[in-house]
Every structure is written in C-alpha cells, then in structure tokens.
Amino acid sequence: MGYRRVAVVGAGITKFTRFAKETNGELSYEAARMALDSCEMNLSQIDCVSIGTAPDAFDGFHLNGETLAEGSGGFNKPVMRNYVGGGTGVMSAIHGWQHVASGMFDTCLVIAEEKMSSAFPHPAGAFLTIFDHTTEQPVMPTLLWIFAIEMQRFMHAHGYTKEDIAKVAVKNKRNALDHPCAQLGAEITVDDVLNSEIMAHPVNRLDVSPTSDGAVALVFAAEHVARRVTEKPVWMDGVGWALDTAYWCTRDLYYPDYVEVAAKKAYEMAGIKEPAKEIHIAEPYDPFTYKELHHLEGLQLAPRGGSVQMLLDGVTQRDGNLPVCPSGGLLGVGNPIAAAGLMKVAEIFWQLRGEAGKRQVPGNPTCGLAQAWGDLMQVGTVVVMRT
Amino acid sequence: MALVERIQKTTDATFWPGKIPMNYIYTAGRAGELFFNAIKEKGQFLGAKCNRCNQVYLPPRIYCPQCFERIEENFITVENQGVVHTFCICHEGFDGKPKDKPSIVAAIKLDGADGLFFHRIEGIDAKDCRIGMRVEAVFKPKTKREGSILDITHFKAV
Amino acid sequence: MDKKVAVVGVGATAFRASTPDVSYRELTYEAATKAYLDAGVEPKEIGAFVATSEDFVEGYSISDEYSPDQLGAVLKPIHTVPGDFIQGLGNAMMLVTSGFADIVVVQGLSKASNMLTKSDLLTFATDPFNWRPLLESPHAIAGMEMARFMHETGTTREQCARVVVKNRLNALSNPRAALGAALELDDVLHSAPVAYPLSELDIAQHADGAVVCVLANEDKARSLCKQPIWIRGIGWSTETNALDNRSWGEAAYMRRAADTAYRMAGILSPAAEVDFAEISDEYSYKELSHLEALSLCPRGSAGKLTETGWSQPTGEFPVNVSGGCLGSGHMFELDGGQKVLECLLQLRGQAGSNQLADVHTGLAAAWRGVPTTTGAVVVLSDQPR
Amino acid sequence: MIRGDKMEITKELVEKTITALKSKDLTDKKVITAAWQPNLAYAWDDGPAISRYLAELKNGKIIAKRCRKCDRTMLPPRMFCELCWRPSNEWVYVQDTGRVNTFCVSHVDWKAGRLDIQGGVRPYTPAVIEIDGASPGMGILHLLDNVDPKDIHIGMRVKAVWKPAEQREGSITDIRYFEPIGS
C-alpha cells in the first residue's frame, strides 16, 4: 500500500518547568511560533491544526482543546484534538500524519501542550479519577500505585533489580544536562536513586519524572510542500497505535502488548523487518525508570528480559549502538504529559537532521523511533522517522 | 441481540455517585499580568495592537490570533467608555441556580479597542438597555482593587 | 483528494432523557452491535476506531481509557477525538483516504443524565479571568449571541420560537427522539426567561444515547453494502473560544466548515443541491443562524422562511425532521451523531413515518455548544461525487 | 524558499519561552492568579453487570460472568466479552480467596500526601489479586492488610476480610482488605 509521503519540516519547544507564568495558550503560542520560524513559514500557509493535550483536569478547562485553539494558530482553521491519555504526545504526531496523508490537507501544525501546575497544589484528583469510578476508585488509588504494581511484576518476571533499573535515571538525567529546555538534568548516581525517598516501593522519588508545564510544536507537510520549504525533511515512514482493554487487572502487566501491536504496525508501514538493526536511535516513553526498559522490550528493540543487559552494556548510552532517550527523556527534560511525548518526536527530528547540538548522537543516524504510553497501562503510540 | 439480559425491576437499576475533586490556581499569563495590573494600579484598560491586521485585542494577547505575529510590545491604553455590542438579561447564575435579581450582562466595545469586554450594566432598568448604548466602567477605589475584572464593580449608562 | 468513502453501517440506541438501566458500556455495545450487523462486519475486520468524548462529560479524568472494550477494539488502533461526532467522522475519513484502514468505525456516546452539574461544567470551559468571576450563567453567552443575531438580521423571538414548536412536533413522530411535544408558540414565548431573549424552552434539554457508524473505502463499500451512503464532503472549523474577538452576529465557524465541505463535494449552490438538513439547534436561534451560515438561505431570511413553513417536513427545505436537538435531546459530543444518523436513515428510506420523499443529498451540521465556536458539516448522498 | 537548515535549539532561543515561578509566587499572589474549584458531580448508572456485582458484594459474595466461547470467567462481571465480543453467558459465584499477582508498598496517599511511616502509620499495600474461581490472571485491585509489608510476595495466598453484614452497602469496600490465608 503506497501512502502519501508526509514530512516533519519544523519544530518548536518551550522550556519545561514546574510552574510557568504563561497561560496554556501562551505556552502553545511560543512553541508554535518557534516551529513556524524554524521552517520560515507563516500561519497562512498552515491548512489545519491538530492539538494534543492530555486530561482537561491538568490545564483546568473543560473542552481544553477549544481553549488552546487560538494560541495554537487555530483561529478560523480546521482544528481537531486527539487524545489517548499519556500517549497523546506521540499520537499528536500520528494525528498530524493522518491529516496530511489523507490528502485532505497539505500542511498541519501539531501542538502538544500541558500546564499541570494549574492543578494546585497537585493534580492528585486527576490521577484518582482515571480509575474505574465504581469498582476501583473507592479504594482510593493513586497513579503511583499502578506504576509500582507494574514495575513489581516486570522485575519479578525477569529477575531485574532496582539497582539496575536505577541506571535509567542516571543516564537520562545526565543526557538532559545537554538539553536547553530541561527541568531536571543532573549528574546523579545509582545510590542517589536508591536513597531518594520511597514513593511506593519499588518506586523511589528519582525513579519518577516530574510534574511540568510546557509545549512542543511540529509542522507537518506533504512532499511537494516539504521539498519547497526545507532541504532536510524528516519523513514519517511508519505510524502505529493501539489500546488494550480497560480491564487492566486482567492483563499480565510484565509485558506491554499494546506497544508491540503499535510498533509492529509502524514497522510494517515503514518496511522494517529487523527493528533492532534498522533503528538507529530511539525515544521510548520514560515517565518512570523501568518504563524505558519495559517499552524497549515491547518495541522489539530489546529481547524480552534483555533490556537491562543492554542498559548495563552501555548500548543505550548516547554513544552506544542504540542511543535511547538521548534527549534526557521525561526523567530529565520533564513531563508535561502530551508535550513530553511530542518532545520525543522533535528530538528524533533534530537528531536525524544533525541539529541536536551537544545531544547529537554520533554516526549520522538516518532512522529513529519515538513512542509514548498512556492510560491504564494500555496505550502504545509509535512513529518511525527517516531522513 | 445486543444485551441478552436487562434490568427487570426499577429497584435493581442503581447508580454510583462521585465527583472529580480538583482545585485550580490559574496564572493570568504574560499579557494578563499587564492587563490586570493596569486595571489595579491605574484604573485603565490595555489592549494589544497588531499593526499588520490593524486590530486592537482586548483583553490583550502576546500574539495576533490572525497573523500570529508577536505583539507583546504593542500594548496601548484604550478608553474606559464604550458601546454595548450585545447584552442579555440573566436570570441564572454560573451554577444554573436562579438568581434573586436578574442582571444585565453585556459585551462592551470600549473606544479604541476591537475586542469586547464583558461585565454587568447596573443603574438602569433592563428594558431600557439597548445595543449601541454608551456605557462607562465604574472602578472600585484603588485601595480595594486586586487585579481582577471585579475591580470594576459594573458599567453605568453615560 | 479523489478517494471515495461511504458509510456502510449505522447503529444507534433510542435517545432518552435518562437511561438508568444501562451503563455507558452496554449503551455503546448495543449501538455497535447494530452497526456491525448492519454493515455485515465483525470487529476483527475493522482496521481502526475513532471514539468521541470529553472527560468531564463522562466523569473520568482520562475517559479514553474506557473506549475500546464495548467497540470490540481491544488491541486495535483506536483513539479519541474530544470533539463532535462529525469531527470524529472526519478523522475516520482521513484514516480511510490515507490508506491506513479499509474499514473504520466512529463512535459517539452520551450519558448526559449522569452528569449532574451541567451549568458548572460549561462555566468550567470559560475564561477564568475574563468570564468566570462574573458568576453568570453560561447560557448568557448564547443569550448575548441571540440578541446580536436578532439585531443584525431583524430576526424576532417569535421566529425563533417557531423553530422550537416545529422541532418538538417533528420529534413526536420520531420513535428515537426523547422530547417530542405538541407546543404552541405562546408556550415557548412565555416560558421562564433564562438569559433573555433566551427562555427555557428555547434551550434544548439533554438526552442519553449512542451512535456508531462504519465507514469503508469504495471497494469495500461496494462489496459490503447494497446501499452505501457516500460522504461527499466534510469540514470543520474553529473560530475562537475567547469571547472578545468572535463573531457575535453570525455563525462564522459554520460558514467556514461548510465552505470546506461544499468545496470537497463540488457543491456550488447548496440550497439547490442539498435536499434536507439536520442542523444543530441546541438553542432555537441556532437553527436559523446556522441555516444562514450554511448558505442554505440568504442572511436574514431564515426566520421569515421558518414562518412560511419552508423548513417544515412538508416544506421546500425540511430542516430537523428528526426533531433536532430540541426534540431528540442535546447530547454533547453525540449531537453530530444524531444528525448523521437521521440523514443516513432518510437517504436509505428508513426514516419511518418521518420519511421524506425523493431525497438524495442531505446535510448534517453540528456545533459544539457554549462556549465554543466549533462547527462541523458533512454532506451525505446516495451517489458518490 | 530553501533554507540553509541549521536550526538548533539553543539556550538563548528558549530562554524567553517560559517564565519560571515558584509555588509561593502563586499562593502569595506575587503574580496575578485566579482560583477555581469546579463542581463536577456525577451519578453513573451501574447497568446490569455492575449493579449485580455490587448487590452481591453486599451479600458477602463475589459474582463473575462467564464467556462460554472463550471459556473465561470474567471479573468484574460484564455483559459482553471484550475479546470475542459476544454477549456474556451465565453468572457464577467465585471465591473470596485468591493470589497476589503483583503489589506495591505505598508511602503516599491519593492526594500525594506522605504517610507518617516513621510515626507508625502502616503504608498502603495495594495489590492485583487473582480471584479463585475466576479465569487465571483475572484480578481485581484491592488492598492487603494484616500482614507486614515486607512479607508480601507475588503468589501469596490471600482471603477477603469483609465488613460485618449490617455495615455493607454494596461497594467494593464491603471487603475491607485481603489478608494472608492462615493469618
């Protein structure tokens, strides 16, 4: 099946921070303006806008997509919001692809924004109400529980230790030192992670990405436009997404089937037979340390039970064979949910164009992957990009 | 058949009550900060002018929604008087509960601005309110102003 | 964009003011079962799914989690569009024309009866600095819009009230509709004022229900379905959620959405080429302002035409024969779904006692309600472009 | 309009995109803010599956539903099988015992408040519990108690501790918690 070729031609990003003075519309504008400037386009050349923002409960607006439309360049334009919980950031890139690949639009401005600080002092109520209102919420669960529960199962299945998993935080926070937008770049040790306060065993403070404000924007274009505005289009060669059942307690959480299904669809579309060989650089979703490893296995970039060995062998370092989260990921750059996912897609864009500055991985990568996860351990969203 | 079994007795049809417990503090943002400080400190309204589109946005933006140029530097003062662009007579509050006394809620085009400002008109009978009528902002005393649209108590007919 | 897409199956529940005997799961499952049966497909043959919902309407902080099971979409590509059903339909169409999937499903659901604080909910969609502190009803935004529309076009409250009388009467003969009633003009005009000129009966009450549509590309449509209904054109547009710089006297968003849809459909003269329409009427005046924005009648004429019976089922251009939102119920994101459903049934000749004679092209148009300025339009036809 | 294309996200470029504040700036009104507490209240219809589930919990029993085609006993019960997508079949009672599929030891409550562990407060120990009589892997989210958190392990056998009948109200919390069998 031949698809209409779709390229990313521009990208913009705000700094990520815990409390931003800017409104959610202003954050969107800053990212969108930078993305348009990066490819010297103006708003009149944009056919449509896709907005990604995770729960309305963070920004604090019912119909948050409508609230964000104007700052996202959507005034008097076709605007559509996409939503798959935490997977929304990468879904936004997929949604941008859908708009242009459909043939209905030649250009699409994709914005992902989150202003989690509006939920004050903490978005706890939003995390409680992701669970089934009748059968789960009465035991007063929190988001941390579901991660800790999954991490426990993942460690149990493969015999992984907390010490080994902690190395993800060490790697990503160090990588983030080179990211000008990063909220939590740091030089830390495994002991720092293990000795940080216990949140919900086996999860410690430094296993967790922060609460953040921020926005990211990408410009998508059909081939004939892309060739006109840039010499270095980055092609969206494969996209895939999937949701598993909402009955999350009925699944074995040790393995993310939903990521596998999404990845296989993206690989099929991109003509990738051996992902571990053909993909040079990966940005899997890392809201928690173990999630990077969990997702590498689901993405078929590490064998089941083999992701920790890759980490220990240095394969996933920025100068390793398969650099993973060279941006610094959510653990280091920060986690304004939807924006964090699109930040990963933007990182692949900059890396493949050789524009990642101090974060640039060696060896002129030509094929990269970004992935996000979301909902009740449920959503996989994957894009494969090539120069 | 979609559902092989359905509830057969009304008493078996139960529901589960719940709330989404959230609490918010919003920031006014870069443009809003200037706008509300001008109301608070000077009793003035600020608009943002896009020279390219020849529009004065009120409340001001850091960007022009139409051409997307940055207009953060182009804030100008507009008048405290203007005309009623449209209005309605509101009998319910924000929560849908009936009010003791209906209010006149109006969209007001202040002189010098293109954008509309929303507030209540007081001191006239509802049936005397007209589209096109001139009105003026009535501010609280400066010491009582906090940087909010409620620093304006209401608009009155000129 | 020359690829053709058709609706090959549709399923819906009845729309009712409340549905205490089923949860959102069973409600959606019923609509999906009917739609798949109608299309002759099994869930495993469906390539992708689009759900439409908004978190705070459903009562979850991440409502999309609960979308796959009742659609048979477990481990399938499914995502949520927090938008009107017709926007979801547009997204599903993109999935077909891009070649991602041959068969795509769109789902809309309303459990409006389960949301107890609807006025608070709409207030929560407004600007926290420039509107909320006034503590005024969100209906005031519609009331002010109605007043400006009447001022600019010369439309009267009586003309708006005629829309209510028409649509609620139409709903009496539609077994799916929740709110059929035989009203007189005075019942509407003298109902309690809410945000005058808007009165209680000018405002659509809510309803529950679910609609599922199955879309397919041309090959699949012709093999699956004897009577595919083609999506000839579709469009959506947002003006702005800000109150200060929107158009108050006309539904500019609907004009732009319609422009896109008509361009895709190759329609130059909508009033002549469209046979009937199902149009958003969450508020009585919206049917009139939308008719004008959709270029189905000249600006300023919709009220007068309504007085003449032009938009009655027996009139020259039937509008909201189903009863519309006023008669079927306002169902948040599902509003567009109700309109698409009724258009499909008319075009298939399955609209029962409300069936119009000799209709080939219908238009469905939805607005996302206060405080938004987002509209979506789809032109459906028994013949492809 | 071909560009040289050497765009790099630098510190200078992003510096002015965000003005970072501190929590105190919001609470002390160093910047202009607006507070809002939305009133979002619901009454979700339980439907035939969950209303029966809750009614049986009130009776001190756990009920599941069968899918004959998939040979699955599904908990919580549902009117259709989400895998084969057929209407589900008969109701079956399952046990109030089970096995810990996975768990964690939480030092925070749902409001992200820290529990006073040093002060002797017991951490929350939520778990996914595979219920005996339901299909393998078919678990529910609940709490473990009456066990030292250090002794909890995957595979541990547990039993429901119910509220007294007169206190039960048709809720998952009619089970107070699960405790190890034999404790």
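How are α6(C) and α11(C) oriented to each other: oblique or roughly perpendicular? Let's work through this and two more exercises on a predicted model, where local features need pLDDT of at least 70, side-chain atom pairs count only at pLDDT 80 or more, and totals for chains, interfaces and linings use all residues. Side-chain values use heavy atoms, without hydrogens and water; residues are numbered from 1 along each chain as its sequence is written, and chains are lettered from A and ligands numbered from 1 in the order in which they are written.

**Exercise 1. Describe how α6(C) packs on α11(C), and say how buried α11(C) is.**

Step 1. Find the helices: α6 covers residues 157–172 of chain C and α11 covers residues 284–293 of chain C. Helices (H or I, at least four residues) and strands (E, at least two) are DSSP runs, numbered from the N terminus.

Step 2. Get the geometry. The axes lie 7 Å apart, at an angle of about 105°. Axes are lines fitted to C-alpha atoms, for helices over the stretch in contact, and angles run from 0 to 180 degrees between N-to-C directions. α6(C) and α11(C) are therefore roughly perpendicular (under 35 degrees is roughly parallel, over 145 roughly antiparallel, 65 to 115 roughly perpendicular, the rest oblique).

Step 3. Check burial (buried is under 20% relative accessible area, exposed over 50%, partly exposed in between, with a 1.4 Å probe and protein chains only). In α11(C), 10 of the 10 residues are buried, so this helix is largely enclosed by the rest of the structure.

Step 4. Go past the helix: C:Ser295 follows α11(C) and has a positive phi, near 60°.

**Exercise 2. Trace the strand partners of β10(D).**

Step 1. β10 (residues 157–162) of chain D is joined by 3 bridges to the antiparallel β6 (residues 97–103) of chain D; strands pair if DSSP finds at least two bridges between them.

Step 2. Within that pairing, D:Thr97 has D:Lys159 as its bridge partner.

Step 3. β10(D) also runs antiparallel to β11 (residues 175–180) of chain D, with 5 bridges. Here D:Val158 partners D:Pro180.
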